[in-house]
Amino acid sequence: MKKILVVIDMQKDFVDGALGTPEAVAIVPDVVKEIKKKYDKVFVTRDTHQSNYLETQEGRNLPVVHCVEDTPGWQLDKKVANALKKVEDPVILNKPTFGSDRLAPRIRAYCDPKEIESITLIGLCTDICVVSNAMLLKVAFPETELRCIAKCCAGVTPESHEAALTTMKMCQVKII
């Protein structure tokens, strides 16, 4: 049985850049430790916007330019990137919005869902991208144990982080 890790949007702009928070900075050491644990496959998402971000629906609702492709803020946090260098063939997926519609198909391409013991989610932001990806994975893999490691996630605020953990728990994601 395979254990899969999904590292969500651990990018400079979310850690200590345009939308960074002290809580996001604080989870980096735990995220690095988790990446170093034994998983059969690691998938990584990157929030990816273009230079016209402020003209998009998301940009009109969140008018803070962030994670523009090929900018320093779009890059993975350096400590996270260094940890991922030691992972065998991580799958990196760029996504233009909160949830990745390519994540579940890429996991299915890696292995049959019946072979998956668990899918563990970590990263940023708990209340936006982590919860969105958790819900998409729950739909795609209803019989797979989905897990979210609370200390390896941070939300926009501590309160919204807790609310997202509660939401995931109510949708049968195991909160660790």
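Tutor: First, a term: two strands pair if DSSP finds at least two bridges between them. Helices (H or I, at least four residues) and strands (E, at least two) are DSSP runs, numbered from the N terminus. This is a predicted model, where local features need pLDDT of at least 70, side-chain atom pairs count only at pLDDT 80 or more, and totals for chains, interfaces and linings use all residues. Residues are numbered from 1 along each chain as its sequence is written, and side-chain values use heavy atoms, leaving out hydrogens and water.

Student: Ok! How many bridges pair strand 5 and strand 6, and in which sense?
Tutor: Strand 5 and strand 6 (residues 174-175) pair over 2 bridges, in the parallel sense. Arg147 stands opposite Lys174 of strand 6.

Student: And what about strand 4 and strand 5, how many bridges join them?
Tutor: There are 6 bridges between strand 4 (residues 116-124) and strand 5, and these strands run parallel. Ile119 has Leu146 in strand 5 as its bridge partner.

Student: Is strand 5 largely enclosed or open, and why?
Tutor: Strand 5 (residues 145-154) has 8 of its 10 residues buried, so the rest of the structure largely encloses it. Buried means under 20% relative accessible area, exposed over 50%, and partly exposed in between (1.4 Å probe, protein chains only).

Student: Switching to helix 7, which of its residues are buried?
Tutor: Ser160, His161, Ala164, Leu165 and Met168 are the buried residues of helix 7. Looking down the helix 7 axis, they fall within an arc of 145°, so they line one face of the helix. That arc is taken from the directions from the helix axis to the C-beta atoms.

Student: What do they pack against?
Tutor: The buried residues of helix 7 pack against helix 6, strand 5 and strand 6; contact means heavy atoms within 4.5 Å. On the other side of helix 7, Glu159, Lys169 and Met170 are exposed.

Student: New topic: how many aromatic pairs does the structure hold?
Tutor: It holds 1 aromatic pair. Phe43 and Tyr110 form that pair edge-to-face, with 6.4 Å centre to centre and 75° between the planes. Rings of Phe, Tyr and Trp (its six-membered ring) pair if their centres lie within 6.5 Å; planes under 30 degrees apart count as stacked, over 60 as edge-to-face and the rest as tilted.

Student: Which parts does that pair tie together?
Tutor: Phe43 lies in strand 2 (residues 41-47) and Tyr110 in helix 5 (residues 103-110), so the pair ties together parts 67 residues apart in sequence.
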